[in-house]
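Please keep the sequence and the 3D view at hand while reading.

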Amino acid sequence: PDMNSRLRSAIQAARSANMPKDNIERAIKKGEGNDPDSNYEEVRYEGYGPGGIAIMVEALTDNRNRTASNIRSIFVKYGGNLGETGSVAFMFDRLGFIAYPRSSGTEEKMMELAIDCGAIDMESEDDAYLFYCESAELSSMAEQLEDQLGDSLTTKLIWKPQNSVDVNDEQIQTITKLMDALESDDDVQSTHSNSTFHD
């Protein structure tokens, strides 16, 4: 973890999800590739959903053909289509993301911490403060915030859309089903889209 920022981020994400230490250590050993039965690789899929929304899917698979086939069929089933690598990635920024509960402090205090820690943005929601940073700075910022505020709600790398696409009520239902189906796939680790739902 000291030499690998992505591993460090993954460990922090696992800790913030209350994963037991033994499970984390076992997963690291498995990921080292010494187990012949666990030859996994990271794969990213990009495509379009209903209403022209862009979707990024990150997967971890031991069989690229199976995963690609499953992801493609989910896209098609819900009126979307899988694109080539790079077809939607340019619409997103790869950022570090950390969330803390509103009870962590005042908005003014959080803004000061964001500036001190080198965050590129901080958003305030009803139940959480959201910190964003360059992906390479995630581990460093997480440590600084942890020193001040304790454990975060979540710490991870995300694909943040540069612009959002408004969708109508009918599209919302289909998009929700599409995203749920993608997230239910065993190989899928995370999904990101640029859709915006309005009440």
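The model is predicted.

Four strands make up an open sheet, arranged in the order 3-1-2-9 with antiparallel pairing. Strand 3 (81-82) and strand 9 (188-193) are at the edges with a single partner strand each, so one side of each has no neighbour in the sheet.

Strand 1 covers residues 41-48 and is joined to strand 3 by two bridges. Here Tyr48 is found opposite Asn81 in strand 3. Eight bridges connect strand 1 with strand 2, and these two strands run antiparallel. In this pairing Gly47 faces Ile55, a residue of strand 2. Strands 1 and 2 form a hairpin with five residues between the strands, where Gly51 has a positive phi near 75°.

**Helices on the sheet**

Which strands does helix 3 touch? Helix 3 (residues 64-77) packs on the sheet and touches strand 1, strand 2 (54-61), strand 3 and strand 9. The direction of helix 3 makes about 20° with that of strand 1. Helix 6 (residues 169-184) also packs on the sheet, in contact with strand 2 and strand 9. Its direction makes about 160° with that of strand 9.

**Salt bridges**

How many salt bridges does the structure hold? There are six.

| Arg64 | Glu41 | 3.0 Å |

In the salt bridge between Arg64 and Glu41, Arg64 belongs to helix 3 and Glu41 to strand 1, so the pair ties together parts 23 residues apart in sequence. Arg64 is partly exposed, at 43% relative accessible area, and Glu41 is partly exposed at 35%.

Glu46 has a value of 1% and is buried, because buried means under 20%.

Lys160 is partly exposed at 21% relative accessibility, and Glu123 is partly exposed at 26%. Salt bridges with shared partners also join Asp62, Arg66 and Asp187 into one network.

Key. Residues numbered from 1 in each chain as written. Predicted model: local features only at pLDDT ≥ 70, side-chain atom pairs only at ≥ 80, totals over all residues. Heavy atoms only, no water. Pairing = 2+ DSSP bridges. Contact = heavy atoms within 4.5 Å. Axes fitted to C-alpha atoms, helices over the stretch in contact; angles between N-to-C directions. Salt bridge = Lys/Arg side-chain N within 4 Å of Asp/Glu carboxyl O. Buried < 20%, exposed > 50% of the residue type's maximum accessible area, 1.4 Å probe, protein only.
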